[in-house]
Amino acid sequence: MKLKELSRINNFYHDDKVIDACSIFGMMDTSGNRFSGKPVVEAIANMHVRGNGLGGGFAIYGLYPEYANYYAFHIMYLSREGQAKVEDFLRHKFHVIDAKEVPTKPTPGIVNPPLVWRYFLEVKVEESNGQSEGDYVVDRVMEINTKMEEAFVFSSGKNMAVFKGVGYPEEIAEYFCLEQYEGYLWTAHGRFPTNTPGWWGGAHPFNILDWTVIHNGEISSYGINRRYLEQFGYNCTMQTDTEVVAYVVDLLIRRHGLPVEIVAKILAPPFWSYIERCSPKEQKLFRTLRQVYGSLLLNGPFTVIIAHQGEMIGLTDRIRLRPLTVGVKESVLYLSSEESAIRLVSPDLDRAWIPMGGEPIVGSLGKPLKPEKASVAEIKSVRKC
Amino acid sequence: MKEAVTIDAKGIFYRELNAKLRKVVSNGTQKIELRNVYGQRYIGTDLDKPVEIEIFGTPGNDLGAFMDGPRIIVHGNAQDGCGNTMNNGEIIIHGHAGDILGLSARGGKIFVREDVGYRAGIHMKEYQDKKPMVVIGGTAQDFLGEYMAGGILILLGLKLKEGESHKANFIGTGMHGGAIYIRGDVEEFQLGKEVSAAELDENDHSVLKKLVGEFAYHFGYDAGEILKHKFTKLFPLYLRPYGRLYAY
C-alpha cells in the first residue's frame, strides 16, 4: 500500500478524518459451545471508525474438529512459484493430509488479495530429530517465513485458524466467507496501522502454533523484545510490533511453563514503587521476574487479547493507555475496546466492567466467570500487598 | 415549545445522528429521546441550546464533547472521553464511565452514579465564573485528577465497605489548580507528588453540600447521609509543578 493510495480507502466523507485506534473484540463460550461468527462480525463492524481499512482479521478456535489432530496451516502466497516451493518443502517435512485453497468470494473493498491455502499436516517423526512437535513446527514456520520467498504462514495451530488481510474486518469476514465457520472462541481485529505498513501479513491476529494475539496500541520495546526472542529461534518477519507478543507467549507459557498470571507480571510489570510496598516474598518474585525477563517487558500503550486452545486472555499495559471492557453473559465472556460493541450483540449482560491496567482477565473452557450481584462496574485491584 | 422528539439511533452512523440532533435542536425542540444507542460518538457535540437529551443504550466515546448548554441523561454506561472539553451543560450517567472522564472540561457538570476509569478529570480548567464540576458516586481507577488545572472533582466511594479505602494510585499527579474532595480513606502513597491533603473549611462544606445535593437528587440518594461521612480535600502544592522541567 502506497501513501498516495491512502485516500482511496479513507472514510466515505473524503475529509481525511481519522480517529486513530485499533478495535479489538473477543467472544468465548466457556462451555465449549461452538457458534457462528455473526455476532463477532457485527460487534467489530460496530467499531468501524476505530480502524481505517488497512487491516482486519479473525482467529477462530474449535474450527476444524474433523481434523483436530493435525496442524492446520494457513499460508499466504504472493506468487504461484512461492506456493510450489513451499508445498515441496511441506511434503518433505510433514505428511500432508489435505491441501485446499481457502474459499473466498469477490468482495468490494478487497483489492489484490494474495492466494491463501490451507493444509492439514502431521509431523514426520523421522525428520524431527527428537525435537518436540511444537518446537519442530515453530522452526518450520520460521524457515518458511524467513527463507522462502513470497510465502508467509498466517496460522499453524490445531483446530484453529487465522483469517486476515487488508480491508475492514467486516470486509475480510465477507471475503473469507466466515459465515460458514463455527468456533467456541473468536477474536477479531480492525486495524489502524501507526508506524508500519498496512499489508496482508501485518494484519492481526498474529499467530504461532495455536497462539494468537490481537493488539491495540504501540509496542515501543519491539526492538528489545525481538532481539531477545531471536535467541530462542523466533524471527520476526511481519514488519510490525504485535508479532513479538505471539512469540513471547509461546516462549513463556508453552516452553517455560509459566502461568498466565505470572506472564502478565512480565509483560506489564508492577511499578517499583508498588513492589516496595509488597511483602518480602512478593518483592523477591517481582524483582526476579524483572531480572530474568526484563527484555520481555512490553513498553508503550497496549491492550491485547491473547488466545489459545481453551483460553482467552485480555490484558492492558499497567497504566491502561488503551481501553478494554469486559462483559459476561452466562457462560459467554466478551472482551472489547468499547462496551457498545458488546451491548449490541448481548444487550442484557450479567455484568460489564473495566479491569485495572496490567490485570489479566482470563476465560477458560469449563470455568465461566461468575457475575457478582449488583455490580455494574467495579474496580478490581489489590494495590496494597 | 416544540414537542419531545424520539430518535431510534439503531444503525445510524454517528455523523448522521449528530447532524440530525443539530437540526432538531435548531428547530427549538427542548426534549429529545435517543433509543438504541450503540457507540455513536460525540453525541451532543456542538449543541448550544438548553435541550434535554435522554439516551437509552451505550453512547460512544466523547459524549458531550465541546457541548455548550444541553443536559444529557444516560440510562446505561458511558465510554471513554465523556465530557471532553465541554463548556457548559450537564451530563448525568446512571451507570459507570470509562477513561478520561471530563478531560479538559472548562465548564458544566458531570454526575456519574457508579465508578469511573483511569484519569477522570484530567486537565480540567477554570477561568473566572467558568468552573467544571464532576461528582462520582463510586470509586476511580488511577490518575484521578491528573494535571488538573481547575474545577472541582468529588469522589464519593458509596460502594466502599466500612474500613475499605479507595484503590486509585497517583491521585492528582501533576495537579496545579482546582480541588479534589474524597469521601472515604486514601493513604499518603496513593497521592501524586504534586498534591497534599487538608481539612475542609466552611467554603468547602458549602461546595460539597450543593454538589452532593444535586448528585443525590439525580440518583435518589440521601445527601445528608452521604455528607455525614468524613471528606478529605486535596489541593495542588504548586501553580507550575513542571515549570523547570523543560527549561534550561
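In strand β1 of chain A, S23(A), F25(A), M27(A) and D29(A) point one way, I24(A), G26(A) and M28(A) point the other way, and all of them are buried. "Buried" here means that 20 or more other C-beta atoms lie within 10 Å of the residue's own, with 12 or fewer counting as exposed, anything in between as partly exposed, and C-beta atoms placed from the backbone. That leaves β1(A) mostly covered, with seven of its seven residues buried. Strands like this one are DSSP runs of E of at least two residues, while helices are runs of H or I of at least four, both numbered from the N terminus.

A word on the model and its labels. This is a predicted model, in which local features need pLDDT of at least 70 and side-chain atom pairs count only at pLDDT 80 or more, while totals for chains, interfaces and linings use all residues. Residues are numbered from 1 along each chain as its sequence is written, and chains are lettered from A and ligands numbered from 1 in the order in which they are written.

Back in chain A, β1 (residues 23-29) runs antiparallel to β10 (residues 185-190), and six bridges join the two. Along this pairing, I24(A) has H189(A) as its bridge partner, and M28(A) sits opposite L185(A). With β16(A), β1(A) pairs over five bridges, again in the antiparallel sense; here D29(A) has V332(A) as its bridge partner. Strands count as paired if DSSP finds at least two bridges between them.

Zooming out, these strands belong to an open, antiparallel sheet of seven, ordered β8-β3-β10-β1-β16-β15-β17 in chain A. The edges are taken by β8 (160-165) and β17 (351-353) of chain A, each with a single partner strand, so one side of each has no neighbour in the sheet. From one strand to the next, the twist averages 10°. Helix α1 (residues 38-46) of chain A packs on this sheet and touches β1, β10 and β16 (332-336) of chain A, its direction making about 155° with that of β1(A). Angles run from 0 to 180 degrees between N-to-C directions, with axes fitted as lines to C-alpha atoms, for helices over the stretch in contact.

Chain B has three helices and eleven strands, and along the sequence they follow the pattern β-α-β-β-β-β-β-β-β-β-β-α-α-β. The radius of gyration of chain B is 18 Å, close to the 18 Å from the globule rule for 248 residues, so chain B is as compact as a globular protein of that length. That radius is taken over C-alpha atoms, and the rule is 2.2 Å times the number of residues to the power 0.38. Of the 248 residues in chain B, 53% are buried.

An open sheet of eleven strands with mixed pairing runs through chain B in the order β1-β2-β3-β4-β5-β6-β7-β8-β9-β11-β10. Within it, β5 (residues 88-93) and β6 (residues 109-112) of chain B run parallel and share four bridges, with I92(B) opposite F111(B).

As for the two chains together, 21 residues of chain A are in contact with 23 residues of chain B, contact meaning C-beta atoms, placed from the backbone, within 7 Å. Helix α10 (residues 339-345) of chain A gives the largest share of chain A's side, five residues.
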